Amino acid sequence: MSIGTRVRQYREARNWSQEDLAIRLDTTQTTISNIESDKNVPGSLLLNKIAKELEVDINDILNDSANNIMSNNDFSDHAVAAVNQYNPVFNMQSPELVESLLKNQEQITRLIEMQNRLIESLLKK
């Protein structure tokens, strides 16, 4: 059984609409719909929020086997691996990422400089 199917089952067991759950999670109904229809798999943070809102153990959402992948609310290596299989891995030192961050920082700097010039011109008037 998929994560989306289990989310839907737990949501319906609480008699909540997709919109009800979306509001509680501060997200959109479309996001919940996409999760439940297996178009999207929630990231670890959203998955954790879903489990908390539905008051179920995250293991019950991640897999329907009898084996728990968490114990005493501490993430085991198996639990982390189970969640991470659905999340892309980002190399925070990749040249592309660093270049993109630098370009964004340069754009922000230019915008701040423009804003300062506008403020100065308005104050002179």
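**Reading the model**

Reply: Start with the surface: the protein exposes about 9,100 Å², and carbon and sulfur atoms supply 51% of it. Accessible areas come from the Shrake-Rupley method with a 1.4 Å probe, and for residues only the protein chains shown count as cover. This is a predicted model, where local features need pLDDT of at least 70, side-chain atom pairs count only at pLDDT 80 or more, and totals for chains, interfaces and linings use all residues. Residues are numbered from 1 along each chain as its sequence is written, and side-chain values use heavy atoms, with hydrogens and water left out.

Me: What is the mean pLDDT of the protein?

Reply: pLDDT is the predictor's confidence in each residue, from 0 to 100. Here the mean is 80, and 75% of the residues reach 70 or more. Among the elements, H2 has the highest mean pLDDT (94) and strand S1 (residues 70-71) the lowest (41). Over residues 65-74 the pLDDT is below 50, and beyond near neighbours in sequence this stretch has 13 contacts in the model.

Me: How many helices and strands does the protein have?

Reply: Helices (H or I, at least four residues) and strands (E, at least two) are DSSP runs, numbered from the N terminus. You get seven helices and two strands, in the order α-α-α-α-α-β-β-α-α from the N terminus on.

Me: Is Val 7 buried or exposed?

Reply: Buried means under 20% relative accessible area, exposed over 50%, and partly exposed in between (1.4 Å probe, protein chains only). Val 7 counts as buried because its relative accessibility is 1%. Buried residues make up 26% of the 125 residues in the protein.

Me: Which residues does Val 7 touch?

Reply: A contact means heavy atoms within 4.5 Å. Val 7 sits in helix H1 (residues 3-13). Leaving out residues up to four places away in sequence, Val 7 touches Leu 21, Ile 35, Glu 36, Ile 50, Leu 54 and Ile 61. Its C-alpha atom is 8.4 Å from that of Ala 51, 44 residues apart along the chain.

Me: Which residues of helix H3 are buried, and what do they pack against?

Reply: An α-helix has 3.6 residues a turn, so residues three or four places apart point the same way. In H3 (residues 29-36), the buried ones are Ile 32, Asn 34, Ile 35 and Glu 36. The buried residues of H3 pack against H1, helix H2 (18-25) and helix H4 (44-54).
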